[in-house]
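Reader: I'm new to this and keep getting lost in the whole picture. Could you pick one spot and walk me through it slowly?

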Amino acid sequence: VQLQASGGGKVQAGGSLKLSCVASGSISYITSMGWYRQAPGQERELVASVDSMGHANYADYVAGRFTISRDYAKNTVSLQMTNLQREDTAVYYCHAQREPNFIHQYDYWGQGTLVTVSS
C-alpha cells in the first residue's frame, strides 16, 4: 500500500487547512485510515481515524475542530482542520491499516506533510 498525502502548509492561528491522502497498490482489506501527527521532540500521536464501517475516532484535543472523511470508492481520506492553533504545528502522517486475514494487521504510512501554525 502506498499513501500519498497532500495539503500541508503554513497558516495563521485560527485558520483552516485540509489534508488529503490517497491509497494505491494492494488496497484490498484496508480497514482503517486516518491521520497521526508528530511535533518536534514528541511522539507520534493519533489525530483521527475512520474504520471500514465509517465510524470516526478523534483525539480529545481535536475538540470538534477537525473533521475526518473517507471516500471508499476513491480510497482517500481527508482531514479538514479548522481553528488551528500553534500547538497543532506538526508533521501529519496519513495512516492505513490492512487486515488480509484475521491474524495479521499491517500498518502503512504516508510520507508526512508539514503543518505550521503561526500566531
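Predicted model: local features only at pLDDT ≥ 70, side-chain atom pairs only at ≥ 80, totals over all residues.

Author: Let's start with the side chain of Arg 70, which reaches the backbone oxygen of Val 50 at 3.1 Å. Residues are numbered from 1 along each chain as its sequence is written, and side-chain values use heavy atoms, with hydrogens and water left out.

Now, Arg 70 is buried yet has no salt bridge. Buried means under 20% relative accessible area (1.4 Å probe, protein chains only), and a salt bridge needs a side-chain nitrogen of Lys or Arg within 4 Å of a carboxyl oxygen of Asp or Glu. The nearest side chain of opposite charge, Asp 51, is 6.1 Å away. Leaving out residues up to four places away in sequence, Arg 70 touches (heavy atoms within 4.5 Å) several others, including Ile 30, Met 33, Ser 52 and Val 77.

Arg 70 sits in strand S7, residues 66–71; a strand here is a DSSP run of E, at least two residues long. S7 belongs to an open sheet of 4 strands in the order S1-S3-S8-S7, with antiparallel pairing (strands pair if DSSP finds at least two bridges between them). S1 (2–6) and S7 stand at the edges with a single partner strand each, so one side of each has no neighbour in the sheet.

Methods: Buried < 20%, exposed > 50% of the residue type's maximum accessible area, 1.4 Å probe, protein only. Lys, Arg positive; Asp, Glu negative; His and termini not counted. Polar contact = N/O pair within 3.5 Å; in protein donor to acceptor, adjacent residues only side chain to side chain.
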